[in-house]
Amino acid sequence: MAPDTRPPGQSRPGAAARRGQTRPPGGVRPAPARSTASVREPRADTLSSTQGLTNARTRIVGNRTGFGADLVIVLVRVWRAVAAWCGRVAAVASGIVTPVGWSMLVIAPASLIAGYRLGWLELVAVGYAAVVLLCLAALYAIGRNAFTVSLTLPHQRVAVGDDADGRVTVANPTRRRVLGVTVEIPIGQGLAEISLPGMRGGDSVEESFAVPTGRRGVIPVGPVRTVRGDPIGLVRRELEWTGVTELYVHPKTIGIQSTSTGLIRDLEGTATRDLTASDISFHALREYVRGDERRHIHWKSTARAGQYMVRQFEETRRSHLVIALSLANVDFATEDEFELAVSVAASLGIRAIRDAREVTVVVSERTPEFAKRKTLAVKPLSTLTRDRLLDELAVVTYSESSLAITDVARVTGEQVSGISVAFLVVGSTTRITDLRAAAAAFPPGVEAVAIVCDPESIPGMRRVADLTVLTVGYLDDLKQSLAKVVSV
């Protein structure tokens with residue numbers, strides 16, 4: 001090896017290059033650079049199976065495994081199952097035990113503990129008496145009645161004031177005798193109770209109950225339930241046997257003769273003054289112009305005039321009856337006025353449906369409570385059948401946020417086309433100026449008739465410009481009032 005002839009303090013050439021670095025000033029040696037080739041990717045089998053997973057296990061024990069983690073998961077599952085079972089038991093108990101029963105559950109242990117600690121035999125006796133009562137009450141709540149219960153309503157739809165009843169049939173399909181039971185039938189806001197005696201095997205009992213129909217609306221009947229409980233009232237167990245059946249109480253209506261609708265222009269009625277090239281009401285002859293249908297050429301007149309002559313017709317209309325019912329409380333003084341108005345609208349609609357006329361029944365739309373602007377819209381009711389119209393009229397109510405008759409007529413005139421006669425049904429508080437404005441909202445040529453419902457008033461009729469105003473005090477006045485309009 002050749003001797004080292006470098007000056008003192010000078011390192012050997014190539015030493016720094018072999019180390020892959022140079023010593024910076026100050027003597028601080030940087031960390032050696034690691035070659036990327038020496039970095040190894042982790043093996044797939046070393047990755048945790050919970051990586052990227054979020055579920056109940058990872059939230060409880062994370063990615064830990066082993067016996068301890070499995071034991072924690074088992075304990076959590078057991079705790080959740082016990083809590084769910086206790087919740088179901090509490091829900092059942094809360095539906096069976098009455099407030100008196102809960103009071104007794106508190107009095108029994110409190111009396112026993114206080115009696116033994118204080119040496120009061122009276123409290124001990126009260127505690128044991130409470131325990132005995134609780135045990136007897138539990139016997140009433142255990143088990144299930146072997147009944148079959150059915151609910152029947154002979155009529156699903158009745159008018160206001162008509163008799164309506166329902167029937168409940170309770171049968172014992174078993175061979176053994178069952179104890180008596182109390183049957184409860186919710187009827188709207190009321191409740192009907194029927195106490196049934198004990199029944200032998202195979203017996204059945206049928207009981208009737210009345211449904212009040214004094215007010216228009218939809219009355220839910222049911223579900224029928226049987227009630228079991230102890231005489232003291234510690235427990236009360238209810239079992240539902242049927243669903244809810246709805247009874248529609250329709251508004252009262254009156255039969256209107258078909259001739260009373262003579263206001264309506266039909267195919268046999270009065271033709272309009274609008275001329276058309278195709279209809280059934282002949283008007284006159286005129287000279288042929290390009291575009292006329294050749295089937296309307298009148299050949300005899302053509303031969304005499306020496307030029308083509310065609311028939312000209314007057315346009316006739318298919319009768320389209322519109323009944324607009326206001327639901328605004330500003331149009332009615334009392335609830336009786338509104339009920340009379342609903343009955344008037346129902347009677348007119350039923351007559352039009354029976355006559356197979358085209359009819360549209362609309363009511364006021366209601367503006368939402370916190371809306372910034374008034375909702376200009378009407379709600380059309382179904383007129384496919386008599387029952388469907390009455391079903392929807394059975395649930396209408398008037399309110400202060402509903403559109404008044406003027407806005408109802410304006411929206412109806414814009415949305416409904418081909419109107420021939422429009423009935424405006426209102427109460428006694430509607431001003432004549434509002435009625436005239438409502439009549440003017442319909443297109444020209446529409447016959448407008450306002451029916452003012454004022455209970456116990458004298459019926460009458462008057463003409464205000466192009467508007468006919470009828471006043472009815474009773475529903476029976478409607479028939480005579482319409483007959484007067486036709487005769488004028």
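Student: OK, so contact means heavy atoms within 4.5 Å. With that in hand, what covers the buried residues of α10?

Tutor: The cover includes α9 (405-415), β17, β18 and β20. Keep in mind that this is a predicted model.

Student: Which residues of α10 are buried?

Tutor: Helix α10 spans residues 432-440, and its buried residues are L435, A438 and A439.

Student: Why are they on the same side of α10?

Tutor: They cover an arc of only 100 degrees around the axis, so they sit on the same side of α10. An α-helix has 3.6 residues a turn, so residues three or four places apart point the same way.

Student: Now the core. Which residues touch the most other members of the largest nonpolar core?

Tutor: L325, V344, L348 and I451 do, in a core of 38 residues.

Student: And which elements give two or more residues to this core?

Tutor: The strands are β14 (320-325), β15 (358-364), β17 (421-427), β18 (447-453) and β20 (467-472). The helices are α7 (335-354), α8 (386-393) and α11 (477-487).

Student: How many residues does α7 give to this core?

Tutor: Eleven, and α7 gives the most.

Student: What is L348 in contact with, leaving aside its neighbours within four places in sequence?

Tutor: L348 is in contact with I256, L321, I323, F423, I451, L478 and L482. There is also a second, separate core of 27 residues, which includes M199, F209, V221 and V224.

Student: Switching to rings. How many aromatic pairs does the structure hold?

Tutor: Five. One of them joins F332 and F338, edge-to-face. Their centres are 5.3 Å apart, with 85 degrees between the planes.

Student: Are F332 and F338 buried or exposed?

Tutor: F332 is buried, and so is F338.

Student: Which residues form an aromatic cluster?

Tutor: Y288, W299 and Y308 form one.

Student: What lies over the face of Y248?

Tutor: R157 does, at 5.6 Å from the ring centre.

Student: Last topic, strands. How many bridges join β4 to β5?

Tutor: Seven. Strand β4 covers residues 181-187, strand β5 covers residues 190-196, and they run antiparallel.

Student: Which residue in β5 is the bridge partner of I185?

Tutor: A192.

Student: How many residues are between the strands in that hairpin?

Tutor: Two. In this hairpin of β4 and β5, G188 takes a positive phi near 60 degrees.

Key
Residues numbered from 1 in each chain as written. Predicted model: local features only at pLDDT ≥ 70, side-chain atom pairs only at ≥ 80, totals over all residues. Heavy atoms only, no water. Phe/Tyr/Trp six-rings, centres within 6.5 Å; stacked < 30°, edge-to-face > 60°. Buried < 20%, exposed > 50% of the residue type's maximum accessible area, 1.4 Å probe, protein only. Lys NZ or Arg CZ within 6 Å of the ring centre and 35° of its normal. Core = buried A, V, L, I, M, F, W, Y, C linked by side-chain atoms within 4.5 Å. Helix = DSSP H or I, 4+ residues; strand = E, 2+ residues; numbered from the N terminus. Arc of directions from axis to C-beta. Pairing = 2+ DSSP bridges.
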